[in-house]
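Hi,

Here is the structure I promised to pass on. Have a look at it first, and my notes follow below.

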Amino acid sequence: MSEEVVSVRAVSYGYGTGFRPALDGVSFAVERGHLTSIVGQTGSGKSTLARLLCGLSLPDSGEIRVLGQPTSDKRCRRALKGRVGYVMQMPERQLFCDTVAEDIAYGPRNLGLGEDETRRRVSETIGFVGLDESLLDLSPFELSGGQRRMVAIAGTLAMGPEVLVMDEPTAGLDPRGRRRLEAVVGNLRDAGTTVVLVTHSMDMAATGDRVVVLSQGRLLMEGAPREVFAHETELVAVGLGIPAALSFAHGLERRRGLPRGRLGEPLDLDALADAVAREVPGWR
Ligand SMILES: Nc1ncnc2c1ncn2[C@@H]1O[C@H](COP(=O)(O)OP(=O)(O)OP(=O)(O)O)[C@@H](O)[C@H]1O
Ligand SMILES: [Mg+2]
């Protein structure tokens with residue numbers, strides 16, 4: 001049975017500056033256990049939406065319910081502490097403790113967890129994000145930017161959130177860091193965590209269950225990756241695109257005079273390789 005863990009209904013939000021609100025009548029839902037990606041051009045309202053989903057700002061109109069409760073309710077916001085994790089854009093800027101261990105422990109301690117449990121979570125989550133435990137005693141300032149990012153993410157994960165909202169977690173990471181983070185997101189989803197991921201990568205969005213597309217604060221479309229990425233023209237018109245594998249397949253179909261869709265609309269490189277090996281005449 002599907003269960004809505006986040007519902008966004010006719011939500012508008014403005015900062016009181018500019019011509020238009022940052023969000024304008026946005027509605028969609030997130031189901032438990034799903035990986036939902038939010039994509040959109042720069043300035044389209046993704047980070048604003050991420051903050052609203054976590055109850056860090058409130059809609060001017062409309063309603064956001066998280067785990068059944070409206071975020072406008074103060075008691076609800078308190079109850080969401082720990083259950084909804086937020087990894088902000090550039091979270092590495094937020095580290096403030098003397099050591100990495102203290103930074104990761106901050107959230108669990110704040111939730112009132114004991115020292116043993118907190119220590120257990122610190123060592124579990126630092127491994128989960130692919131960092132060595134030997135870093136725990138260092139100052140966050142002795143780490144690289146990418147390592148600091150992972151520490152910030154570990155700190156949020158250490159609270160054991162049911163819903164995790166991540167705002168462009170892979171931006172600026174090197175290829176290995178990006179792969180590691182993609183694996184972390186995949187593992188979280190496999191473990192049943194509901195993940196909302198703001199991303200500029202259509203390839204990453206394609207790996208999820210749903211894609212929400214924002215354009216100038218409005219919901220342009222929402223659906224399974226396959227449905228959304230079938231609308232290439234509309235996506236390109238708002239400065240977005242489609243996954244590289246799909247773009248390659250379309251190009252190959254055109255050049256070989258194959259009907260559109262013959263290669264099975266692959267969304268990732270594995271599916272593309274399969275399709276090419278199977279379908280392209282003369283390549284066997
Ligand atoms: N603190 C703020 N004060 C005033 N306006 C803001 C503030 N934060 C965002 N905005 C405006 O709200 C709109 C949406 O911004 P938002 O940060 O949500 O976009 P975004 O989709 O996350 O962009 P990016 O991909 O660049 O991170 C923009 O027009 C921006 O100028
Ligand atoms: Mg943003």
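**Pro169 and what surrounds it**

Leaving out residues up to four places away in sequence, Pro169 touches Val87, Ile153 and Leu181. Bear in mind that this is a predicted model, so everything here is computed from it. Pro169 sits in the loop between β7 and α6 (175–190). Is Pro169 buried or exposed? It counts as buried because 27 other C-beta atoms lie within 10 Å, and the cut-off for buried is 20 or more. For a sense of distance, Arg65 is 104 residues from Pro169 along the chain, and their C-alpha atoms are 24 Å apart.

One of the contacts of Pro169, Ile153, is among the buried residues of α5. This helix runs over residues 145–157, and its length checks out: 13 residues at 1.5 Å each should span 18 Å, and the end C-alpha atoms are 19 Å apart, which agrees. Most of α5 is covered, with 11 of its 13 residues buried. The elements covering those buried residues include β6 (84–87), α3 (100–110), α4 (115–128) and β7 (163–167).

The largest nonpolar core has 75 residues, and those touching the most other members are Leu53, Val66, Ile104, Ala154, Val165 and Val195. The top contributor to this core is α5, which gives six residues. In general, nonpolar side chains in soluble globular proteins tend to be buried together.

**Around ligand 1**

Which residues come nearest to ligand 1? Out of 13 around it, they are Tyr15, Thr42, Lys46, Ser47 and Thr48. Helix α1 (residues 46–53) provides the largest share of this shell, three residues. By type, the shell splits into 10 polar residues, two nonpolar and one charged.

**The chain as a whole**

The protein chain has 11 helices and 10 strands, and its C-alpha trace spans about 65 × 45 × 40 Å along the principal axes. A compact globule of 284 residues would have a radius of gyration near 19 Å, so the 20 Å of this chain agrees. Buried residues account for 40% of the 284. As for contacts between residues at least 6 apart in sequence, 63% join residues at least 24 apart.

Over to you!

Terms used:
Residues numbered from 1 in each chain as written. Chains lettered and ligands numbered in written order. Predicted model: local features only at pLDDT ≥ 70, side-chain atom pairs only at ≥ 80, totals over all residues. Near = placed C-beta within 6 Å. Helix = DSSP H or I, 4+ residues; strand = E, 2+ residues; numbered from the N terminus. Nonpolar A, V, L, I, M, F, W, Y, C, P; charged D, E, K, R; others polar. Expected span 1.5 Å × (residues − 1). Buried ≥ 20, exposed ≤ 12 C-beta atoms within 10 Å, placed from the backbone. Contact = placed C-beta atoms within 7 Å. Core = buried A, V, L, I, M, F, W, Y, C linked by C-beta atoms within 7 Å. Rg over C-alpha atoms; globule rule 2.2 N^0.38 Å.
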